[in-house]
Amino acid sequence: MLVKSDAKKEKKIIDQLIENDPELMRQHELFKAEMAFKQELINTRKMNSLTQKDISKLSGLSQQAVSRMENGTGGTIETIIRYLSSMGYSLSIKKNS
């Protein structure tokens, strides 16, 4: 049976779980940062009216590699750079504020 999720309730549960566990909190923050980055890749690709297949052709990566990277199951620094370069973007580092 499918149950509709409740984002507020789920966030509260996660917050309670990580509240007293610094390692779990660190892992959660890394997970959120990775998911935000992957979503930014997808949004940038779509903003440029490109498909995964287009990125594949432009970057030389397989379409499967592009899909795995966007779905969070793959992606080395090299593949991320190739993905970004194919759209005219580069990777940079900035300090958290």
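A nonpolar core is a set of buried Ala, Val, Leu, Ile, Met, Phe, Trp, Tyr and Cys residues joined through side-chain atoms within 4.5 Å; buried means under 20% relative accessible area, exposed over 50%, and partly exposed in between (1.4 Å probe, protein chains only). The model is predicted, so local features need pLDDT of at least 70 and side-chain atom pairs count only at pLDDT 80 or more, whereas totals for chains, interfaces and linings use all residues. Residues are numbered from 1 along each chain as its sequence is written, and side-chain values use heavy atoms, with hydrogens and water left out.

**The core**

Select Leu-41, Leu-50, Ile-55, Leu-61, Ala-65, Val-66, Met-69, Ile-80, Tyr-83, Leu-84 and Met-87: these eleven residues make up the largest nonpolar core. Helix 4 and helix 5 each supply at least two residues of this core. Helices are DSSP runs (H or I, at least four residues), numbered from the N terminus.

Within this selection, centre on Ile-80. Leaving aside neighbours within four places in sequence, Ile-80 is in contact (heavy atoms within 4.5 Å) with Phe-37, Met-69 and Gly-75.

**Helix 4**

Next, select residues 63–70, which form helix 4. Its buried residues are Ala-65, Val-66, Ser-67, Met-69 and Glu-70. The cover over these buried residues includes helix 2 (22–47), helix 3 (52–59) and helix 5. After helix 4 comes Gly-72, whose phi is positive, near 85°.

**Glu-70 and its partners**

Now display the side chain of Glu-70, which counts as buried at 7% relative accessibility. Not counting residues up to four places away in sequence, Glu-70 touches Lys-38, Ile-42, Arg-45, Gln-52 and Tyr-83. With the side chain of Tyr-83, the side chain of Glu-70 makes a polar contact at 2.5 Å. A polar contact is a pair of N or O atoms within 3.5 Å; within protein, one must be able to donate a hydrogen and the other to accept it, and residues adjacent in sequence count only if both atoms are side-chain atoms.

Arg-45 lies in helix 2 and Glu-70 in helix 4, so the pair ties together parts that are 25 residues apart in sequence. Arg-45 is buried, with a relative accessible area of 8%.

**Other salt bridges**

A salt bridge is a side-chain nitrogen of Lys or Arg within 4 Å of a carboxyl oxygen of Asp or Glu. A search of the whole structure finds six.

Select Glu-34 and Lys-38, which form one of them, with the closest N and O atoms 4.0 Å apart. Both residues lie in helix 2, four residues apart, about one turn of the helix. Glu-34 is partly exposed at 36% relative accessible area, whereas Lys-38 is buried at 6%.

Move to helix 5 for Glu-78 and Arg-82, also four residues apart. Their salt bridge has its closest N and O atoms 3.6 Å apart. Glu-78 counts as exposed at 52% relative accessibility, and Arg-82 is partly exposed at 30%.

**Last stops**

Ile-77 belongs to helix 5 (residues 77–86) and is exposed, with a relative accessible area of 56%. From C-alpha to C-alpha, Ile-77 and Lys-11 are 30 Å apart in space and 66 residues apart in sequence.

Finally, select Ile-13 in helix 1 (residues 7–18), which counts as partly exposed at 42% relative accessibility.
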